[in-house]
Each structure stands twice: as C-alpha cells, then as structure tokens.
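Subject: Structure for you to look at

Hi,

Here is the structure I promised to send over.

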Amino acid sequence: MNGKPFEGVKIIQLCWAGVGVYTLNYLSHFGATTIRVETATRPDPVRLFAPFAPTSREGEPVGLERSAFFSITHTAPEYGVSLNFKHPGALDIFKRLVAWADVVGEGFPTGVMDKLGLDYEGLKKVNPQIIMMRTCGYGHTGPMADQPGFGSILTAVTMMDTIVGWPDRPPVPPSTYYTDQLSPMYASLAIMAALDYRRRTGQGQYIDHAQIEAGLNYMTPLILDYQVNHRELVLKGNRSDHAAPHGIYRCKGEDRWVAIAVMSDGEWRSFVKAIGSPPWTRSRKYATATSRVRYGDELDRLVEAWTVNFPPEAVQEILQEAGVGAGVVANARDIDEDPQLNYYNFYREMDHPYMGKLRYYHPAPIKLSAVDAAVQRPVMVGEHTDYICKEILGMPGEEIERLRQQGVFE
Amino acid sequence: MLSCYRILDLTGEKAFICGRALSDFGAEVIKIEKPGGDPARFRGPFYKDVPDPERNLTWFAFNANKKSITLDIESDKGKEIFKKLVGKADVVLESFLPGYLDGLGLGYSDLSKINPGIIMTSITGFGQQGPYRNYKDPDIVVRALGGLVYTAGYDDRPPLTVTYRHTHALGAMNGAVGTMIALSHRALTGLGQHVDCATQQALDIVCSAEIEGPYALFGQVPTRHGRARATVTLADGSTFYNPLLWECRDGYVALNLLLNPTAARNNLSMMAFIKKDGIDIGTFETWPWESKGWENMSRPQAEELMLVLGKFFKNHRKDELLKLATENRFQLGPCNNAEDILKYPQLEARGFWKEIEHPELGATLKYPGGAVVTTQGYVGVKRRAPLIGEHNGEIFTGIGLTGEEIATLRKQKVI
C-alpha cells in the first residue's frame with residue numbers, strides 16, 4: 001500500500017509540556033509534516049526536567065538538549081524552527097507558517113496566544129480553513145481558563161488520585177502525570193475527525209481541549225454510581241469484589257512480585273492443578289468465587305506461600321500456561337527486557353548529538369497492518385530554522401540572515 | 001463530524017470506551033450483543049443497586065450514543081448476517097482473544113474479502129502477535145506487566161493496582177485513534193487494514209518519562225514511595241521524594257512544587273499566606289526563591305519545607321485551597337471525589353455536565369460532557385445507552401431482512 005495515513009498534512013506544534021505533544025505525535029508518527037516552533041529565550045519547561053543525559057565534557061552546561069523527559073516524549077518526526085515572538089518579524093514568519101499549515105496545535109494557558117493576536121479568529125484571517133487545537137488544563141473559557149495545568153494536579157482534580165490505595169492508608173497517585181497521557185487520545189481523535197470533516201466539506205474548526213474534561217470521560221461509572229447510589233469508591237488494595245485469588249503476591253528475590261487474577265471457577269480449577277493440587281485447595285471455603293472472596297485473607301496467605309518459592313517470571317509462565325491470568329509486576333528493567341514489548345520492537349535505539357545512543361524511543365502504541373509508525377530522535381531547538389525558512393517559506397538567504405541579526409530566531 | 005461512518009462494535013467490557021469515543025464525534029456505532037444481552041450487563045454497579053441488565057451503570061457510561069442489536073455470531077445464520085453487515089460498514093471493533101474471530105471465519109482476512117475497505121480494530125492486553133498473544137489479560141495483570149503497578153504504593157507493603165479497573169481503557173482509546181488513522185489512510189488508498197492495539201504498550205508510554213528515563217540513562221530502577229512521587233536532586237546529590245498529595249482538613253490536595261526562578265513569585269506569595277496562619281516558616285523567611293532551587297537545598301531544609309507546607313494544608317479545606325489557588329495561580333488542586341467534581345465551579349461555568357434522559361427509569365442522569373468543545377457541532381454524549389437489541393428492527397430491515405425472517409431468527413435464538 002502506498003503513502004502514509006497523514007501524508008500531505010501539515011502541522012505546526014506550538015506546545016509546551018506533555019499533552020499537546022502526545023496528541024500530535026499520533027499524526028507525526030503516521031506521515032504528517034510537523035514543525036515545532038519554540039524559542040531558547042523561554043524554553044519548554046520539559047527541556048529543563050531532570051533526569052538529564054550526562055555530558056562527558058567537564059563543566060559543559062546541561063543546556064536544553066539532554067532531558068530524558070523531553071526526548072522520550074518527542075519520538076515522532078518533527079522539524080524544529082526557532083522563533084522569538086518578542087520580535088514582530090517572528091510573528092510575521094509564524095503567520096506565513098499558519099498560511100502553509102492545515103493544523104495548529106497549541107498548548108499554552110489561555111491568554112498567551114490571544115495577546116499575540118494568534119487566537120482562532122486571528123489565525124482564521126491568515127488561513128480560513130485552519131484547524132486549531134488548543135489544549136490546556138481547564139479549558140479556554142470559565143474562571144480557570146488561564147490557570148496553567150500540570151498533569152500531577154489534573155490527576156487529582158479528575159478523581160484519578162482516589163482510585164489506588166489501601167483501606168487503612170491515604171490513597172496514592174496511579175502515576176505521576178496520569179492525565180497527561182490519558183487526555184491526549186481525545187484531542188488526537190478530535191484533530192483526525194476535523195481533518196476528515198475538512199476533506200469532505202472544506203471547513204476548518206477550532207477545538208478546545210481541556211485535560212480535566214477529557215480525563216473525566218474515563219471516570220463516568222464512578223460519577224453515575226455516586227449520583228444514583230450515593231456511593232464513593234471504597235479503596236480495596238488489590239482485591240476484587242468478584243474474583244479471588246486477585247492480588248499482588250511476593251515472589252523469590254528482592255522486592256519481586258507477581259499479579260494473579262483468577263476470574264472464574266473454571267480458572268480456579270486450572271489454578272489448583274497448576275500449583276500441584278495441595279490439600280488446602282480442597283476446602284469447601286474455596287469452592288466458589290463468592291466464598292473465595294469472603295475468605296480472601298487466608299487464601300492470599302496460602303497463595304503467597306506458593307509464589308514465594310518462584311521468581312515472578314516462573315509464576316507467570318506456569319499460570320498463563322494453565323490459562324490463568326498472571327504477570328510479573330514489572331519494574332524499569334523488566335519492561336525494558338519484556339519479550340512481548342520487544343517482539344513489537346517497542347524500544348527503538350537512536351543516536352542523538354547530545355544524548356548519545358539510547359534505546360528508549362517508542363513508536364505509537366498502535367500497530368497498523370499496512371503502514372509502520374515512523375520514529376525519530378527528538379528535535380533540537382531551531383534545528384531546521386534555515387531549512388524551513390528557505391524550503392517551505394521560500395525566503396532568500398539575505399533576509400534570513402538579516403532577521404537572524406535582529407534576534408528573530410533566538 | 002463522523003456521521004458518514006458505520007462501526008460494528010463486538011468489544012467486551014474492557015474496550016467499550018473505544019466505540020463510545022468514536023460515537024462522541026458522530027459515528028454510527030452498532031453494539032453487537034449476544035442474544036440475551038452482553039455479559040458485562042450482569043455485573044454491577046446497577047442503578048439503585050437493583051441487579052438488572054438494563055440498569056448497569058458501566059454499560060450506561062461506555063455504551064451511550066450506540067445502537068444495539070443482538071446476534072449470535074457463532075451460529076451459521078448469525079455469521080451470514082454479520083457478513084452482510086460488514087458489507088455495509090466501515091469499521092469492526094473487537095476485543096476477543098487473538099484468533100477467536102479467525103476461528104469463526106470472521107477474521108480480518110475473511111472480512112476484507114467481503115469488503116476491501118473494512119477496517120478491523122483489535123484491542124487486547126498484549127497484542128495480536130508475540131509470545132504473550134494467548135495470555136489472559138485481566139486488568140491487574142496487564143497493569144503489572146505494563147509497568148504501572150511496581151511504582152504505585154508504599155515501600156513497606158506490596159505494590160498496588162487500581163481499585164477502579166479502567167486500565168484497558170488506555171488500549172481502547174488508542175484503538176479509537178488507530179481507527180481514525182486507518183480511516184485517513186483509506187481515504188488515500190481505498191483500502192482498509194487491521195489495527196492492533198495492546199494495552200500493555202499504551203501503559204508503557206505512561207511510564208516512559210518517569211520510569212524508563214532513569215533506567216536508560218543511569219540503570220536506576222524507580223521504586224515506590226507512597227504519595228511522594230516527585231523526585232528532585234538536593235545539594236548533596238541525593239534524591240528527595242516530595243509528595244504529590246497532601247492531607248488537608250477534609251481530604252487531600254495535590255501540589256506541584258516548582259523551585260525555579262519562574263515560580264519564585266508564587267512561592268513567595270504562598271509563604272506569605274502560610275505566615276498569615278501563624279505558621280513559623282523558619283529558614284524560608286530568608287530563602288532566595290529567585291536564585292535557588294532544590295539543587296541548593298540541604299536535606300534538613302527540604303524536610304523543613306515539607307513540614308511547613310504540611311501544617312498549612314491541614315489548616316484548610318479543599319474548597320478554600322482551590323479558591324486560593326485560582327486567585328493566586330498556585331499550582332495546587334483539590335483531590336476531588338465524585339461529590340466534589342459534580343460541583344466543581346469551572347465545570348459548571350463551562351456547562352460541562354450533560355443531562356441524559358432514561359425514560360425507562362423515569363430518571364435524568366448527569367454525564368460528563370464532551371472531551372472537547374468544537375466550532376463544528378457538539379461532541380460527546382447525546383443519548384442513553386441502548387436496551388438489549390433495541391435497534392434490531394431498524395438495522396436488520398436495513399440489510400434487507402423481512403419482518404418474518406426477523407421473527408424466525410428470534411425463535412432460533414440467533415438474535
């Protein structure tokens with residue numbers, strides 16, 4: 001099959017931090033031409049997030065090109081152009097890029113673009129068919145429109161910090177920036193639907209994406225349960241109301257664990273056989289799911305008395321072989337070495353002028369049968385400024401030089 | 001926006017949200033249930049706690065907007081009807097164990113012969129290929145192998161999974177995006193394709209920066225530190241874990257504590273508020289916020305700062321702290337539960353909640369509104385989830401079955 005799904009689609013990425021970038025990655029992995037606009041005078045905070053790849057030259061400053069955080073989120077092909085919007089010349093170039101583009105993705109708090117005259121109305125004057133996707137924490141209207149939105153806070157605001165924990169302790173976050181990775185799928189869908197619609201109708205649009213609103217779309221059952229049954233979620237550690245054994249069990253080794261979930265009575269019989277049918281499994285207490293859930297405490301102790309004899313990989317293999325859900329509680333090393341993720345070539349090694357060779361660059365978590373996701377090392381600030389000005393905007397060399405002297409490309 | 005597309009949805013509970021998201025953008029999504037109703041309908045929570053397949057709240061949540069037909073795709077007659085539907089559809093969504101549909105003669109290669117433009121999106125824990133392809137993929141197992149369990153929890157207890165089991169929604173939402181990518185590709189080539197989405201990979205993206213970064217660069221294996229998930233480096237080069245969640249008077253708040261020049265003004269004004277409470281801020285009376293960050297702080301100083309902040313938050317309620325944050329742009333947010341979120345001022349101001357009628361229950365329920373707001377029409381929930389086989393008549397008549405044939409199929413329990 002010829003071509004890439006978004007071949008010919010031109011995107012401007014004006015996004016700080018996570019959400020906007022994750023959103024546009026889906027298009028850039030699959031054929032869109034994406035230009036990232038940024039300035040070293042006010043860098044993306046993510047370029048300043050530790051950990052940093054070490055430098056071999058003593059005394060060399062860390063700079064903007066060594067953040068693991070930045071590099072691991074920018075794995076799709078991008079061009080980089082540097083524009084300092086404090087100069088009118090930079091705004092002029094930006095507008096020329098808008099005229100060229102199909103999509104502008106923007107991720108600043110409400111007000112930043114508006115003050116520059118670069119809100120949707122402003123962009124539409126330059127390109128009436130433009131699709132503008134704006135993402136921020138709380139949406140672009142309302143009393144919190146101009147609040148910066150950080151994933152770690154939006155995770156709490158969207159109830160996601162109330163879903164992991166023990167009954168006798170405060171809840172813990174499911175991950176550090178959870179909504180940063182959960183909300184982009186909706187923004188990406190919106191852009192793709194907008195491109196599809198534009199192909200059929202010629203009309204562009206403005207998309208207002210709020211992390212809080214996209215995040216809450218994952219939480220609907222809890223919101224309905226509260227409304228009709230007046231019930232908030234009660235934290236249960238690793239237990240299930242319907243199934244047992246269901247939990248995280250200690251294994252042989254230092255801080256090694258396995259997840260086991262026996263989801264039906266049939267799976268229970270397979271589980272019993274797989275662990276060698278010890279006498280305790282014949283107790284009537286464990287004959288049905290309801291009863292196993294009731295005697296969960298003692299059941300967990302008995303299951304763990306078996307798992308501690310094996311490394312988690314062995315438990316995973318023995319139980320999955322028997323048709324019972326089990327998996328290593330994977331740490332950083334385990335996911336790096338995971339046979340399944342590596343079968344899908346999910347860790348790509350790439351060389352980077354500042355970071356050297358690393359094998360942690362991911363494609364999109366989507367495998368299409370007719371086309372592969374393109375993966376590329378992260379773009380550096382302004383890496384392709386000259387190329388973009390010359391090849392895409394057709395600017396003569398001396399104009400580029402003159403603007404450079406004025407600091408337009410800083 | 002997508003009303004020109006017809007999607008056949010064979011997914012189970014873990015991937016309901018995929019078709020739901022596509023329906024939010026206007027696609028016609030037809031949920032195909034087993035005769036008698038989808039198995040997921042029978043497991044709670046239920047409306048007013050009455051166990052009834054037509055009162056299932058998870059079903060309501062992630063099948064809203066869809067139509068429902070009942071069809072036994074394992075029977076010969078059912079297969080024949082399904083193939084007819086495929087002839088007039090754009091997309092098939094499914095989340096069976098890999099190979100199940102192939103075994104029925106309804107795999108991608110079979111369906112693409114009937115309709116070369118058909119897109120099949122498969123959502124599973126681990127993917128259609130590879131050594132784990134036949135693995136059982138319950139939520140806790142996929143989450144563990146995806147790397148999100150090991151770092152969640154307290155260091156003196158086992159790692160933790162989620163009590164609200166939604167992990168497969170990450171794979172399913174990537175399935176929705178993958179479906180759109182394939183539709184876009186089809187617009188260029190005229191051909192459909194098979195989209196393979198694995199929740200494990202979607203989870204791996206979530207842990208990339210926090211967990212894989214330190215490992216790839218330094219061979220570090222991040223462990224669990226309760227609520228203290230934000231890592232910083234102190235003056236002595238040691239790692240300090242500062243809490244993302246803090247206890248307040250009526251629950252918890254999240255704080256994103258940035259110690260850098262751009263946050264200096266906020267930090268200074270937060271200190272002023274803390275002093276107003278009569279809390280002694282000690283060292284931080286004279287701390288140069290504009291020029292110094294974590295890398296200049298000693299461990300006792302970092303611990304003192306935690307103590308000062310901890311005292312302050314305990315003095316206040318979530319709603320007071322939200323107000324303070326909004327007025328002063330502090331990077332602070334309440335840890336909301338369902339009660340809190342339903343009265344969250346920003347969402348009220350944006351008219352976020354949508355009232356959806358459930359005539360059979362004589363009730364109107366509030367649903368989260370659209371994940372985006374656009375200038376090309378409303379995106380989001382529009383109508384309640386379908387009853388079992390509610391649209392059998394409409395859909396089967398549409399592919400040319402007569403009333404008599406439909407009645408016979410019903411008797412044969414095909415539909």
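Predicted model: local features only at pLDDT ≥ 70, side-chain atom pairs only at ≥ 80, totals over all residues.

Before the sheet makes sense you need one term: two strands count as paired if DSSP finds at least two bridges between them. Strands themselves (E, at least two residues) and helices (H or I, at least four) are DSSP runs, numbered from the N terminus.

Residues are numbered from 1 along each chain as its sequence is written, and chains are lettered from A and ligands numbered from 1 in the order in which they are written.

On confidence: pLDDT is the predictor's own confidence in each residue, from 0 to 100. Chain B averages 95, and 100% of its residues score at least 70. For the complex, the predictor gives an ipTM of 0.97 and a pTM of 0.97.

**The sheet**

Let's start with the pairing. In chain A, strand S1 (residues 10-14) runs parallel to strand S4 (residues 103-106), with 4 bridges joining them. Look at A:Ile11 there: its bridge partner in S4(A) is A:Val103. Both strands belong to an open sheet of 7 strands with mixed pairing, in the order S3(A)-S2(A)-S1(A)-S4(A)-S5(A)-S6(A)-S14(B). The edges are strand S3 (79-82) of chain A and S14 of chain B; each has a single partner strand, so one side of each is left without a neighbour in the sheet. From one strand to the next the twist averages 20° (axes are lines fitted to C-alpha atoms, for helices over the stretch in contact, and angles run from 0 to 180 degrees between N-to-C directions).

Where does chain B join in? Strand S6 (residues 205-210) of chain A and strand S14 (residues 372-374) of chain B run antiparallel, joined by 3 bridges. To find the spot, look for A:Ile207, which stands opposite B:Thr374.

**Between the chains**

I call two residues in contact if their C-beta atoms, placed from the backbone, lie within 7 Å. The contact takes 125 residues from chain B and 124 from chain A. On the chain B side, the largest share comes from helix H8 (residues 199-218), with 18 residues. That side divides into 75 nonpolar, 33 polar and 17 charged residues. Here Ala, Val, Leu, Ile, Met, Phe, Trp, Tyr, Cys and Pro count as nonpolar, Asp, Glu, Lys and Arg as charged, and the others, Gly among them, as polar.

Leaving out residues up to four places away in sequence, B:Tyr135 touches A:Gln320, B:Gly125 and B:Phe126. B:Tyr135 and B:Gly125 are 10 residues apart in sequence and 8.2 Å apart in space, C-alpha to C-alpha. Is B:Tyr135 buried or exposed? It is buried, because 28 other C-beta atoms lie within 10 Å. (The cut-offs are 20 or more such atoms for buried, 12 or fewer for exposed, and partly exposed in between, with C-beta atoms placed from the backbone.)

**Chain by chain**

Chain A has 18 helices and 12 strands, and its C-alpha trace spans about 85 × 55 × 50 Å along its principal axes. Of its 410 residues, 55% count as buried. It is divided into domain 1 (10-218 + 346-406) and domain 2 (246-337), with bounds from an automatic or database domain assignment. Their C-alpha centres are separated by 42 Å.

Another pairing in chain A is that of strand S8 (residues 257-261) with S9(A), antiparallel with 4 bridges. A:Ala261 stands opposite A:Gly325 there. From strand S9 (residues 325-328), A:Gly325 and A:Gly327 point one way, A:Ala326 and A:Val328 the other, and all are buried.

Chain B comes to 15 helices and 14 strands, and buried residues make up 53% of its 415. In helix H1 (residues 16-24) of chain B, 9 of 9 residues are buried, among them B:Phe16, B:Arg20 and B:Asp24. Just after H1(B), B:Gly26 takes a positive phi of about 105°.

Cheers
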